[in-house]
Amino acid sequence: MPTISSCSFPCNESDILALNSSGDALLAEFQDLWSDAALIWDKRQNDSSFEGYVSANYEDVYRTLKRFQGRCTTFLEWGSGLGVVAIMASRMGFDAYGIEIEPELVQHACDLAAKHGGNARFVAGSFIPEEFQETEFDGEVFQRTVDNARSGYDELDMELRDFDLIYAYPWPEEHLVFRSIVRRCGGKRAVLICFDQREGILIKRFGTNRGK
């Protein structure tokens with residue numbers, strides 16, 4: 001299963017100055033979080049637990065989360081990896097959680113959360129709810145995501161429908177099946193935020209158009 005998280009950070013002084021001049025104090029604080037995550041990646045990228053770890057753009061994700069402040073309460077990061085997005089969400093006031101299949105990455109996420117604040121909670125397991133049956137959706141199947149691992153929802157004592165906002169970084173061929181999971185098992189007005197390497201941030205709102 002891919003670790004659907006982010007791994008970008010300001011890479012030079014001009015990037016950092018641009019962020020600091022934006023007037024967004026919280027965004028500036030997150031630079032340290034991003035840098036710490038990048039250091040872990042640099043040191044451990046050849047470990048088997050990091051196989052499939054892919055990078056997004058933390059700043060783009062952060063600015064997208066800002067759009068949902070005050071509108072959504074509960075946040076879940078699928079395949080949370082080092083937990084950076086869930087930690088950001090927690091610092092932004094969301095009740096934030098992450099599910100990650102690799103226990104070693106869960107521990108890294110917990111360590112980063114302890115250092116950088118917030119109350120994000122991370123558990124090891126699959127983000128695919130047990131009640132989801134991929135065979136019910138023609139042409140919408142998992143290509144690379146592990147779909148036979150123990151569900152992480154039991155440890156959280158929550159269900160997918162308990163979350164208002166879900167963040168994921170699907171493999172390119174798995175966007176449809178990710179939407180199908182939320183359509184079938186998520187809340188009636190859930191929002192799915194996906195990062196795509198080519199398209200950037202993709203937002204799917206469920207509700208009146210759930211069946212479409």
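Which residues line the largest cavity? His175, Arg179, Leu192, Cys194, Leu202, Ile203 and Lys204 line the largest cavity, where lining residues have an atom within 4 Å of a cavity point. This is a predicted model, in which local features need pLDDT of at least 70 and side-chain atom pairs count only at pLDDT 80 or more, while totals for chains, interfaces and linings use all residues. Residues are numbered from 1 along each chain as its sequence is written, and side-chain values use heavy atoms, with hydrogens and water left out.

**The cavity**

- A search of the whole structure finds one cavity of 30 Å³ or more, a cavity being a set of points, on a 1 Å grid over the protein atoms alone, where a 1.4 Å probe fits but cannot get out.
- The largest cavity holds about 40 Å³ of space, the volume being the space filled by probe spheres set on grid points that are joined across faces, edges and corners.
- Helix 7 (175–185), strand 7 (191–196) and strand 8 (200–205) each supply at least two residues of this lining, and strand 8 gives the most, with three residues; helices (H or I, at least four residues) and strands (E, at least two) are DSSP runs numbered from the N terminus.
- By class, the lining has four nonpolar, one polar and two charged residues, where Ala, Val, Leu, Ile, Met, Phe, Trp, Tyr, Cys and Pro count as nonpolar, Asp, Glu, Lys and Arg as charged, and the others, Gly among them, as polar.

**Helix 2 with helix 4**

- The axes of helix 2 (residues 25–44) and helix 4 (residues 84–91) come within 11 Å and cross at roughly 155°, the axes being lines fitted to C-alpha atoms over the stretch in contact and the angles running from 0 to 180 degrees between N-to-C directions.
- Helix 2 and helix 4 are therefore roughly antiparallel to each other, since angles over 145 degrees count as roughly antiparallel, under 35 as roughly parallel, 65 to 115 as roughly perpendicular and the rest as oblique.
- On the helix 2 side, Leu26, Glu29, Phe30, Leu33, Trp34 and Ala37 meet Val84, Ile87, Met88 and Arg91 in helix 4, and by class this contact has eight nonpolar, no polar and two charged residues.

**Helix 2 with helix 3**

- Helix 2 also packs with helix 3 (residues 58–66), at an angle of about 140° and with the axes 11 Å apart, and the two helices are therefore oblique to each other.
- In this contact (heavy atoms within 4.5 Å), Leu26, Leu27, Phe30, Trp34 and Ala37 of helix 2 take part with Tyr58, Glu59, Tyr62 and Arg63 of helix 3, giving seven nonpolar, no polar and two charged residues by class.

Technical notes. On a 1 Å grid over the protein atoms alone, a cavity is a set of points where a 1.4 Å probe fits but cannot get out, and a pocket is an open set with protein on both sides within 12 Å along at least five of seven lines; lining residues have an atom within 4 Å of a point.
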